[in-house]
Amino acid sequence: MNSGPAGSVQGGMALIPALACVALTTVLSTGCELAAEGSGPAASGSFDRTLQVNGPVTLSVTNGSGDVTIVPGQDGSVHVVGRIRASASLLGGLGGATADDKIQKLSANPPIVQEGSRIRIGEITDQSLRNGVTITYEIAVPVATQLKSRVGSGNETVGAIAGPVDVTSGSGDLKIGPVQSGATLSTGSGDIMLLGASGEIAMKTGSGDVKADHVRGHVTAKTGSGSITLDGQPDRDWTITAASGDVNLRLPSDARFSLDAHTASGDVQVQHALDNVQRTRHQVSGTANGGGARVAITTASGSVSVR
């Protein structure tokens, strides 16, 4: 342990945020909370808006930090609740905006833009209001809604809407559906759960599990590290790739498909009756019920099960 002058200076510097918080508590009757190391006191607030719409809705959501939840609501309206948490540097933050400044401005003028039935939520153009701000959104939309959502860090949950849906998170879990059309889902780190979709379906996570039920159409599923579990009807090509993890497919007994399953390290087990079979421990190919859409499975490290 360094007990010399340098250590004393470092210890003194470490006390500054705490002492500043004590000083601010004396002035502010509401008290003070350090939101993060090197940041000032946090503040919180909210906004609640209802937008009137006619016909199908096209919704775009952007959020740097915070969870997004979208649920089916009443036809003819979009209801948006935003819960804001903000912090500012002890030295004033970018642009000099304090936590209270951010809360007041965002609450009074929420980042919501409506152009008929096209609605954009979360676009904050003022950099000073984006820095150190987390917004959790709860949005109720008509079932006839198509969605594009982009979140930097946060979980995203989307209920039973028509879609299609295009949902991305830099870091966070995705729970989607069932949707009545296609789904494009991507997260840098987190699990993906799709409760039903049809048409063009793409799911990708850098690190996490992928699980999808009641899917049909053209399906691609990929994970860098994690397992993939799919249940559905392969009436169009399916491509499933896991760099490290097991792959499990559950298909109807009468499904018509052409299988090509391969693992570099692990077993391949197929419970469907196959014709034109080529089989080794690590690879199985063949056709089920006369063949059909191609089901291609690859995992570098893990087992494959098709039942």
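I'm working from a predicted model, where local features need pLDDT of at least 70, side-chain atom pairs count only at pLDDT 80 or more, and totals for chains, interfaces and linings use all residues. Residues are numbered from 1 along each chain as its sequence is written, and side-chain values use heavy atoms, with hydrogens and water left out.

**Strand E17.** I looked up E17, residues 238-242; strands here are DSSP runs of at least two residues (E), numbered from the N terminus. Its covered face holds Trp238, Ile240 and Ala242, while Thr239 and Thr241 sit on the uncovered one. Strands pair if DSSP finds at least two bridges between them. E17 runs parallel to E15 (residues 210-223) over 5 bridges, and 5 bridges also join E17 to E23 (residues 293-299), again parallel. I noted that Ala242 is the bridge partner of Thr223 and that Thr299 in E23 is the bridge partner of Ala242.

**Salt bridges.** I get 9, counting a Lys or Arg side-chain nitrogen within 4 Å of an Asp or Glu carboxyl oxygen. Arg83 meets Glu138 at 3.4 Å, N to O. That pair links distant parts of the chain, strand E4 (residues 77-87) and strand E7 (residues 133-141), 55 residues apart. Arg83 has 43% relative accessibility, so I logged it as partly exposed (buried is under 20% relative accessible area, exposed over 50%, partly exposed in between; 1.4 Å probe, protein chains only). Glu138 is partly exposed as well, at 35%.

I also found Arg150 with Asp166 at 3.1 Å, N to O.

Conventions: Helices (H or I, at least four residues) and strands (E, at least two) are DSSP runs, numbered from the N terminus.
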